[in-house]
Amino acid sequence: MTVLLQIGRRPPDPDPTPGGHSEPADQPVPGAVPGVVPGAAAEARLFHSAHGAHLFVVDGSRVYDLPGDVEGQVRSWLDSDDASELGPGARAALGLEPGASRRIDGRPIDPPPLSALSLNVMQACNMSCAYCYADEGRFGGAARMMPREVAFAAVDRLLAESRPGADVVVGFMGGEPLLAADLVHEVTAYAARAAEAAGRRARFSLTTNLTELRPADARLFARYPFAVSVSLDGDRDRNDALRRLPGGASAYDRVRAGLDLMARHGRPRHLAARVTVTPAGGRLLDVLDHVIGLGFDEVGFAAVVASPDPALEFTGPQFEEFLAHMVECGEVALRELAAGRRYPFGNFETAMAQIHRGSHRPYPCGAGAGYLSAAANGDLFACHRLVDDPGFAMGSVTAGPDQAARAEHLARGHVDRMSPCRSCWARYLCGGGCYHEVARRGRPGCDYIRGWLAFCLRAYVELSAVRPDYFEGLPASPGYGGSGSDPTTVAR
Ligand code: SF4
Ligand code: SF4
């Protein structure tokens with residue numbers, strides 16, 4: 001019997017009812033389940049680290065050390081697509097016997113209870129960033145502020161649609177939500193009280209350009225469990241080139257002033273910076289070092305994939321350069337973390353945590369599943385980027401979520417049902433790509449996603465070898481704040 005050493009946490013065994021499936025655990029899932037395409041290259045990926053050969057098994061996102069003899073068998077299997085090339089011992093150890101139950105098998109999940117709802121409290125912005133997907137918060141319509149009664153109804157709806165005893169996240173989005181700061185204060189206090197009365201715990205998230213922060217806002221973020229994400233693209237020159245305030249004022253200076261206010265009046269439990277990168281972005285390591293130096297708990301990059309200005313969108317070849325810069329940053333993160341030093345590169349740390357947990361999912365994020373977003377008028381959409389997009393409309397805060405629309409979205413978006421995703425080894429970490437980006441641009445960045453994940457798998461093995469303690473403190477599931485509570489993905 002071949003014994004293979006699995007690195008990281010063992011993911012749960014196949015769940016008989018993932019999202020509402022009714023088949024018993026011991027019933028093999030037939031290969032004929034719609035969407036699942038068996039095939040070695042779609043089921044596993046052989047890779048090497050400083051410690052030898054390893055196998056990433058897609059189902060359950062499992063990572064194994066491979067002794068030399070098994071590496072040969074695995075290579076033959078991957079090259080020939082013939083499972084008999086893999087000895088029965090190795091097949092059993094990897095859970096790859098013919099007819100074995102899978103953790104994800106092509107069947108869509110049923111719409112789960114809500115766990116997060118973002119409120120677009122202000123569909124307008126005081127800035128005019130060149131790459132903004134949201135039309136400065138207006139999403140192609142008129143500037144609007146969410147009426148107070150709609151905001152309260154949204155909180156009530158979230159609580160009513162959530163699981164008893166659950167943690168729920170109330171998000172504040174825009175536009176710029178702090179242009180409606182008084183409403184944010186009022187809704188936060190209301191949600192905390194209402195959640196407690198309903199036997200839930202409310203947490204809060206807010207995405208802001210931080211140019212309008214007041215001392216009272218900083219105190220609010222410290223008083224309640226807030227995760228605040230600040231949009232900041234680097235140092236003064238770099239940030240202000242595309243992130244524009246009216247009259248030529250420096251948005252960077254205003255962000256620094258906001259950070260000073262937080263230092264004096266109160267800091268959220270988790271403070272992240274989101275750095276948006278365009279094809280002209282250049283070296284990211286300098287940006288990362290600068291923004292980490294400002295004291296954020298997490299700094300993450302997001303490439304512009306869908307923008308009103310096509311010149312600011314990445315194309316396929318430009319992703320190669322982006323990947324090289326991301327890997328350079330990742331190598332520094334690996335080195336620093338391996339040496340026991342803090343280096344909060346969010347994309348890297350999120351990937352480490354998710355690979356360690358064996359995260360595997362058939363969707364890119366919780367949009368349309370446990371997460372919805374309320375437009376200023378109370379209409380519900382799959383997520384904050386898809387506000388006012390009729391293709392992703394999902395009910396309203398007064399009438400409730402449109403379960404049929406959610407179910408259809410989850411059936412359509414299952415990664416095993418989409419081409420080319422169904423034959424991609426990265427599919428249960430990637431989930432098939434952000435719905436907003438795919439709807440507007442398709443999937444121009446797949447090689448980047450796979451390249452980044454391939455690097456992260458190698459880095460994960462190497463970090464595990466020298467710093468097992470780094471992973472010991474990680475929560476078993478996505479925790480408070482940071483990328484874990486942002487409905488985005490490990491691959492981005
Ligand atoms: S979007 Fe691209 S990288 Fe992600 S699963 Fe689909 S094919 Fe793979
Ligand atoms: S990853 Fe999901 S939540 Fe984030 S913007 Fe895309 S669709 Fe929306």
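Reader: How many residues lie between β3 and β4 in the hairpin that they form?

Author: This is a predicted model, in which local features need pLDDT of at least 70 and side-chain atom pairs count only at pLDDT 80 or more, while totals for chains, interfaces and linings use all residues. Residues are numbered from 1 along each chain as its sequence is written, and chains are lettered from A and ligands numbered from 1 in the order in which they are written. Strands (E, at least two residues) and helices (H or I, at least four residues) are DSSP runs numbered from the N terminus, and in the turn of this hairpin glycine 60 has a positive phi of about 90°. The number of residues between β3 and β4 is 4.

Reader: Which residue stands opposite histidine 54?

Author: Strands count as paired if DSSP finds at least two bridges between them, and β3 and β4 pair in the antiparallel sense over 5 bridges. Within β4, the residue opposite histidine 54 is aspartate 65.

Reader: In what order do the strands of the open sheet stand?

Author: The open sheet has 4 strands with antiparallel pairing, and 2 bridges join β1 to β4 (residues 62-66), where glutamine 6 stands opposite tyrosine 64. β1 (6-7) and β2 (44-49) have a single partner strand each, so they stand at the edges and one side of each is left without a neighbour in the sheet. The order of the strands is β1-β4-β3-β2.

Reader: Why does β4 count as largely enclosed by the rest of the structure?

Author: A residue is buried if 20 or more other C-beta atoms, placed from the backbone, lie within 10 Å of its own, exposed if 12 or fewer do, and partly exposed in between. β4 is largely enclosed because, of its 5 residues, the number buried is 4.

Reader: Is serine 61 buried or exposed?

Author: Most residues other than glycine have a negative phi. Serine 61, in the loop between β3 and β4, has a positive phi near 45°. Because 24 C-beta neighbours lie inside 10 Å of it, serine 61 counts as buried.

Reader: What phi does aspartate 81 have?

Author: Aspartate 81 lies in the loop between α2 and α3 (88-94), and it is partly exposed, with 13 other C-beta atoms within 10 Å. Although aspartate 81 is not a glycine, its phi is positive, at about 65°.

Reader: How far apart are the axes of α10 and α15?

Author: Two packed helices are described by the angle between their axes and the distance between the axes. Axes are lines fitted to C-alpha atoms, for helices over the stretch in contact, and angles run from 0 to 180 degrees between N-to-C directions. α10 (residues 316-338) and α15 pack at an angle of about 10° and are therefore roughly parallel (angles under 35 degrees; over 145 is roughly antiparallel, 65 to 115 roughly perpendicular and the rest oblique). The distance between their axes is 10 Å.

Reader: How many residues in the contact of α10 with α15 are nonpolar?

Author: Two residues are in contact if their C-beta atoms, placed from the backbone, lie within 7 Å, and among those that meet here are Phe319 and Phe322 in α10 and Trp452 and Phe455 in α15. Ala, Val, Leu, Ile, Met, Phe, Trp, Tyr, Cys and Pro count as nonpolar, Asp, Glu, Lys and Arg as charged, and the others, Gly among them, as polar. Besides 2 polar and 2 charged residues, the number of nonpolar residues in this contact is 15.

Reader: Which helix gives the most residues to the shell around ligand 1?

Author: A residue is near a molecule if its C-beta atom, placed from the backbone, lies within 6 Å of it, and of the 13 residues around ligand 1, Cys421, Cys424, Cys430, Gly433 and Cys446 come nearest. α13 (427-430) and α15 (446-466) each supply at least two residues of this shell. With 3 residues, the helix that gives the most is α15.

Reader: How many residues in the shell around ligand 2 are charged?

Author: Of the 10 residues around ligand 2, those that come nearest are Cys365, Cys383, Arg385, Cys434 and Tyr435. The shell has 7 nonpolar and 2 polar residues, and the number of charged ones is 1.

Reader: How far is the C-alpha atom of proline 362 from that of arginine 103?

Author: Proline 362 is found in the loop between α11 (346-357) and β12 (371-374), where it counts as buried because 27 other C-beta atoms lie within 10 Å. Although proline 362 and arginine 103 are 259 residues apart along the chain, their C-alpha atoms are separated by 9.9 Å.
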